Structures are given as structure tokens and as C-alpha cells.
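Hello,

Here is the structure I promised to pass on. Please open it and keep it beside you as you read. My notes follow below.

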Amino acid sequence: MSETPNAKLNLEELSCGRLFDEVPCYISIQDRELNVIEANRKLIEDFGNPMGRKCFEVYKGRGAPCPECPVARTFADQAEHTSEEVIFDRRGLPHRVVVNTKPLRSRQGDVGAVMELFTDITVQKELEHRLHDSLSRFQNLFDTVPCFISVQDRDLTVIEANQRFKDSFGNRLGGRCYEIYKRRAEPCAICPVAATFADGRVHHSEEVVVDKEGRQLHVLTYTAPVRNARGEITAVMEVATDVTEVKLLQDKLAFLGKLVAGTAHSIKNVLEGLRGGVYIVNAGFRHNSPEEIRTGWEMVERNVARVSSMIMDMLYCARDRTPRRIPVSLPAVIGEVIALYRQRAADAGVRLETDLAPEIDTIPGEPKDIHALLANLVANAIDACAAGEEERDYRVQVRLRRDGAHALIEVADNGAGMDEETRSKLFTMFFSTKGAQGTGLGLLVSHKVAAEHGGAITVDSEPGKGSTFAVRLPLA
């Protein structure tokens, strides 16, 4: 028996009504005055019976339409609209919803009503907020860790970095690690990041990096793989801890250890000289020989002077201080040093000369330190001439002139000169070209004085042709 048309229509209406009520969203249909003329069961259960009431009263508890009403906009332009809002159920609990409106047209095509559908996203929003809070806490931790942290891809490109890294090396995401903090044009020969990409293990190394101000930092570096859900290494995190201060302390302790050991060895040699001098003096008294007494006493005096100079140099090298900044007359200091060594130079057959530019006079510094610096250089120059093997007119010249913002002091001699290997060791501890007669501390003291005054020492030398030590000291 076939169904009648009316029976078929009732079944379709029943099916549509069930679908309307079973949809897990809030659905309402509103007329042009924003009156709710139809609502599904879920909306009625959570908001009460809204029929005949204004939508803004039902969802918002308002006495007037919302400023941006998607239903009113759909009536106005006959288009669908979407927005995100907060509505309140009959218990006063808030619901975050995504609102979609759709015009309902008559057979003539006129918009007679608008359907408004609310999708509850309260749980999703809560999860989003939790995720955002977690990410914020992670970012805070990431940025405040007292280390340099970067995340790099397989091309050694920095794809993420913490704030301390950016502050020290610049915000240069997208640059290569070796360019950013090594100032290199190519990857390092031994790269812990590359090693972690290769074997997936943690690697560590001690390296020297350069910050954006050009300062060298000693860092202890650890690398660890960053894996995706499939366990594949997609990036490597590099964590570098600044150990510059620790390294400086280690170097200072090592320096002091070498200083004590080297000085003890040098003093031992001097003591042998003292014993020899005392022995000759005693022999002179026994033999009633003034010549032996004079020879022995000269040996004692020389070795006492060596001990005194050595101890003063050792104390200067060991101390850490900032020199005073008082006016120092360079011509006056140079004159004092020349007067001090004139007899020694004459005894060695060396002429002492000066060439002082009149436009240079005072610089800020510590007078005693500048005097020690120049005295060491002049004494070494005289000794270099005395060690010369050729017959020539040996001379030492001290020159003073202006070089931009610096005073340039040059101590030049035409003595024995030095090869490249000797020049490379000049400012290292206890290195001396004088054998047992040298302590190896004089040039180290001179280098330290120049550095403490913001200056530097350079040397130009060639075997058989002499040497020129150039000291640049700031005028201001």
C-alpha cells in the first residue's frame, strides 16, 4: 500500500524536527525585530524558553541590541556572517561561542528570518589559554636562563635564540652560527652541532666566541638533539655557558704558579752569583788582596741589584690594579731614563740619543710605571747593542712624536736584532735572550704597563740590523 502525500510530508517534517533538536549546538531563528521565533532543544535547556523574547535579552542579559549584531547585519546585507562572542546561560555561566548566521528566504527570495548557530568553544578556549600560559612560562624560562641558547637546523642556521643570546650577539635569526659568534666565513673544523646531527648524542666543547662588541668570551658548550613525533632530529639546541671569569681566574693562578716557580729558579742562579762574590771577597781578606775584594764586591752588588729588580718586576706582574691618571711629562721621564743609563751605555760602547717632538709633553698615567716601561726598553736596547758581533757605531735612539690621538715612543737600536721565532716569544713569561743574565720579566712588565694605560707595544726587528720597540699611549 503506497503512502499518501500528506503522510510523506509529515515524515519529512518529523525528521527535520528531530535533526534540529539533536544538533549539538545552540540554534535559534529570529525575525527582523530580533525576536526568537524558533529554538532547538539544547538552547531551551541551557537558556530557558526564549520564544518571543529578544535575542540580546536571552544570550546577553542586555536591554538593547548589541553594537555589532551578526543577525542585524545579515538582515541588512542578506549575507552570512561569523563572529566570536561570549554569551551567558540561565545560570549566569559564560560560554565562548563562534556565531554563524544564515538568511532564510521565502519562495519569493525575500529574507524573512535569520538562523543563528552558536558553536560552544569554551573548552577549546580554556585549552588555548593554558597552552598560551605554558608557552609564556617556557619563553620566560628560555629567556632568563643565564646561558646563551640557540636552536640550529642542519645548515647551522640559527632558527631560534633566547634573549641573552640576542643581547650578546645581536638579533640575527636566520644567520649561520659561525658567522654570528665566531666571525668566520665557513663552519668550524670541529662542530658539536654537526656532531649531534650526525649521531644524535649530546656533545660538549670549550670554545672562544666573539660578542657584538668584539669581546672574546670563553664558553662551555653543550648540544642536544630536538626530535619530532617520529623521533627524527629536526634541529639541535646549543647551550653555551660563559666561563670567561673562571678562565681568567685559572689563567691568573697558572700565571702566578709559573711566576713563583720561574722566579725561584732565577733567584737560585743569583744566589750562586752571590756565593761566588762572597767567596772571592773572603779570599781577598785572607790574602790581603784589595783587587780580589773589589772584584768579589762588584759581583755581590750586581747580583743584589738583579734580585732587587727581579722582585720588583715579580710584584708588578702579580698585582692587579688600575694605574693613577695624573699628568706625566714624557720628555722629563725620557730624560731621567737616559741619565740613568748613560754610564752603562758608555761602558758598553753605545751612544744614547733622543729625538723628541716639541708638540708632545704630558699624558695621563702613573709616572713610576711609565719610567719602568722605558727603562726596561732602553736597558734591553743597550744589551742588544753590546751583544752585536760586528764592528760598528752602536747607538740607541729614543724618539717621541704624536700619532693621532696617541703619543708614540720608539726605542730603536742597531744591535743584534731578532728572528721571527724570538719576536713571537718576547712578551711571554721568563723568556729572555740574555741567558742567565736575564729574568724574562722586563718586557712582560713593559707590556703590562702599556696595556694598563690603554696602549700597546709593537716590535720590528731583523737579525743583524737591530730592533725598534714602538709604544703607543693615549694622549687623553
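Val396 lies in strand β14. Keep in mind that this is a predicted model. Is Val396 buried or exposed? Its relative accessible area is 0% and the cut-off for buried is under 20%, so Val396 is buried. Leave out residues up to four places away in sequence, and Val396 still touches Val350, Arg351, Leu352, Glu353, Ala381, Ile382, Cys385, Val411, Ala412 and Asp413. Take Ala381 from that list. Val396 and Ala381 are 15 residues apart along the chain, and their C-alpha atoms are separated by 6.4 Å.

Now go to Val411, one of the residues that Val396 touches. Val411 is found in strand β15. Val411 is buried too, at 1% relative accessibility. Its contacts, leaving aside neighbours within four places in sequence, are Leu377, Val378, Ala381, Val396, Gln397, Val398, Ser467, Thr468 and Phe469. Look at Leu377 in particular.

**The whole chain**

Step back for a moment. The chain has 14 helices and 17 strands. It holds 476 residues, and 38% of them are buried. How many of the contacts between residues at least 6 apart in sequence join residues at least 24 apart? The share is 54%.

**Helix α11**

Find helix α11, residues 330–347. It has 18 residues. At 1.5 Å a residue, it should span 26 Å. Its end C-alpha atoms are 26 Å apart, so the model agrees with that expectation. The helix does bend, by about 45° at Tyr341.

Which residues of α11 are buried? They are Leu330, Val333, Ile334, Val337, Ile338, Tyr341 and Ala345. Note that Tyr341, the site of the bend, is in this buried set. What do the buried residues pack against? Their partners are the strands β11 (326–329), β12 (351–356), β13 (362–365), β14 (395–403) and β15 (406–413), along with helix α12 (367–386). After α11 comes Gly349, with a positive phi near 75°.

**How α11 meets α12**

Two packed helices are described by the angle between their axes and the distance between the axes. Here the axes of α11 and α12 come within 10 Å and cross at roughly 35°. The crossing is right-handed. On the α11 side, the contact is made by Leu330, Val333, Ile334, Glu336, Val337, Leu340, Tyr341, Arg344 and Ala345. On the α12 side, it is made by Ile370, His371, Leu374, Ala375, Val378, Ala379, Ile382 and Asp383. Sorted by class, the contact has 13 nonpolar, one polar and three charged residues.

Next, look at strand β9, residues 216–227. Thr221 belongs to this strand. Thr221 is buried, with a relative accessible area of 2%. Beyond its neighbours within four places in sequence, Thr221 is in contact with Pro192, His203, His204, Ser205, Glu207, Glu238, Val239 and Ala240.

Gln216 is also in β9. Is Gln216 buried or exposed? Its relative accessible area is 57%, over the 50% cut-off, so Gln216 is exposed. Not counting residues up to four places away in sequence, Gln216 touches Val208, Val209, Val210 and Thr244. Thr244 is 28 residues away along the chain, and the C-alpha atoms of the pair are separated by 8.5 Å.

**Two positive phi values**

Most residues other than glycine have a negative phi. Where should you look for positive ones? Start with Gln78, which is not a glycine but has a positive phi of about 60°. Gln78 lies in the loop between α4 (70–77) and β3 (81–88). Its relative accessible area is 39%, and it is partly exposed.

Then go to Arg183, where phi is near 55°, again positive in a residue other than glycine. Arg183 is in the loop between α7 (177–181) and α8 (192–199). At 48% relative accessibility, Arg183 counts as partly exposed.

Best wishes

Methods. Residues numbered from 1 in each chain as written. Predicted model: local features only at pLDDT ≥ 70, side-chain atom pairs only at ≥ 80, totals over all residues. Heavy atoms only, no water. Helix = DSSP H or I, 4+ residues; strand = E, 2+ residues; numbered from the N terminus. Expected span 1.5 Å × (residues − 1). Bend = angle between axes of the 7 residues up to and from the residue. Buried < 20%, exposed > 50% of the residue type's maximum accessible area, 1.4 Å probe, protein only. Contact = heavy atoms within 4.5 Å. Axes fitted to C-alpha atoms, helices over the stretch in contact; angles between N-to-C directions. Left-handed = near helix turned anticlockwise from the far one by under 90°. Nonpolar A, V, L, I, M, F, W, Y, C, P; charged D, E, K, R; others polar.
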